[in-house]
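Biologist: I've got a model open and I'd like to talk it through before I plan anything. Can you walk me through it?

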Amino acid sequence: RSSDLKGKCGMGKTNGVRVTQLACVIAAFCLVGVSCAFCQNAQKGDEGQILALENAWNQAELQHDPAALDLILTDDFVITEPDGTLQSKRAHMTSTKDTSYHYDVLVSEGFRIKVYGTVAVVTGTYHEKGSSKGTHFDRRGRFTDTWIRLGGTWRCVASHDSLPVKG
C-alpha cells in the first residue's frame with residue numbers, strides 16, 4: 001500500500017529530495033508557529049508590565065510620590081492637560097508633590113494596550129475626585145499614554161488627558 005501511495009503522490013525514491021524539502025517546510029511552519037506563540041506571550045507580558053506601571057503611576061500621584069514618577073516617566077516626558085497646556089516631567093513631579101492637591105479617588109480603567117515592538121499606546125478612562133486648595137473637583141475623562149521600551153524597561157514618554165465633550 002505505501003508504494004501505491006508513494007507512486008500516486010509522486011514520492012518515489014527519485015523524489016526523496018522532495019520529501020526532505022517538504023519535511024523542512026513543515027518544520028519551518030511549526031517553528032514559526034512556536035515563534036509567534038512566543039511573541040504573543042511576550043506581548044502579553046509587556047501589556048501586563050505596562051498595566052502595572054499605569055496603576056503605579058496613579059498610586060504615586062495618590063501618595064504624592066514624585067520619586068516613583070521619576071522611574072516611570074522619561075526625562076523628556078510631556079503631558080497635555082485637558083485645557084491644552086503642556087506640562088514637563090519636572091512640572092508634573094512638582095505638582096505631584098503638592099499636598100494642597102488631594103485625591104479621594106484616582107482610578108483609571110477601560111485600558112486598551114497596543115504594543116508595537118518597543119512602543120506601546122495605552123488608552124482608557126479616568127475618574128479623579130478630590131480637592132485642590134479647598135475647591136472640590138469630580139472629573140471623568142479619557143487618556144492616551146505613549147510608552148517606549150528603553151534598555152528593557154517601559155517608560156512613558158507622552159500623555160494626553162481630555163475631558164468628555166459636552167453635547
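Modeller: One definition before we start: two strands pair if DSSP finds at least two bridges between them. Helices (H or I, at least four residues) and strands (E, at least two) are DSSP runs, numbered from the N terminus. This is a predicted model, where local features need pLDDT of at least 70 and side-chain atom pairs count only at pLDDT 80 or more, while totals for chains, interfaces and linings use all residues. Residues are numbered from 1 along each chain as its sequence is written, and side-chain values use heavy atoms, with hydrogens and water left out.

Biologist: What is the mean pLDDT of the protein?

Modeller: pLDDT is the predictor's confidence in each residue, from 0 to 100. Of the protein's residues, 72% reach 70 or more, and the mean is 81.

Biologist: In what order do the elements run from the N terminus?

Modeller: The protein has four helices and six strands. Read from the N terminus, they go α-α-α-β-β-α-β-β-β-β.

Biologist: Which strands stand at the edges of the sheet?

Modeller: The six strands form an open sheet with mixed pairing, in the order S2-S1-S6-S5-S4-S3. An edge strand has a single partner strand, so one side of it is left without a neighbour in the sheet.

Biologist: Which residue in S6 is the bridge partner of Asp145?

Modeller: Strand S5 (residues 135–150) and strand S6 (residues 153–162) run antiparallel and are joined by nine bridges. Within S6, Asp145 has as its bridge partner Ser159.

Biologist: What about Leu73, which residue is its bridge partner in S6?

Modeller: Here the strands are S1 and S6, which pair in the parallel sense over four bridges. The partner of Leu73 in S6 is Cys156.

Biologist: Which residue takes a positive phi in the hairpin of S1 and S2?

Modeller: S1 and S2 pair in the antiparallel sense over three bridges, and Val78 has Ser88 as its bridge partner in S2. Their hairpin has five residues between the strands, and the one with a positive phi, near 95°, is Gly84.

Biologist: At what angle does H4 run to S2?

Modeller: Axes are lines fitted to C-alpha atoms, for helices over the stretch in contact, and angles run from 0 to 180 degrees between N-to-C directions. Helix H4 (residues 89–97) lies across S1 (73–80), S2 and S6. Its angle to S2 is about 85°.

Biologist: Within what arc do the buried residues of H4 fall?

Modeller: Buried means under 20% relative accessible area, exposed over 50%, and partly exposed in between (1.4 Å probe, protein chains only). The buried residues of H4 are Lys89, His92, Met93 and Thr96. They line one face of the helix, because seen down the axis of H4 (using directions from the helix axis to the C-beta atoms) they fall within an arc of 100°.

Biologist: Is Ala56 buried, partly exposed or exposed, and why?

Modeller: Ala56 lies in helix H2 (residues 16–62). Its relative accessibility is 32%, so Ala56 counts as partly exposed.

Technical notes
Contact = heavy atoms within 4.5 Å.
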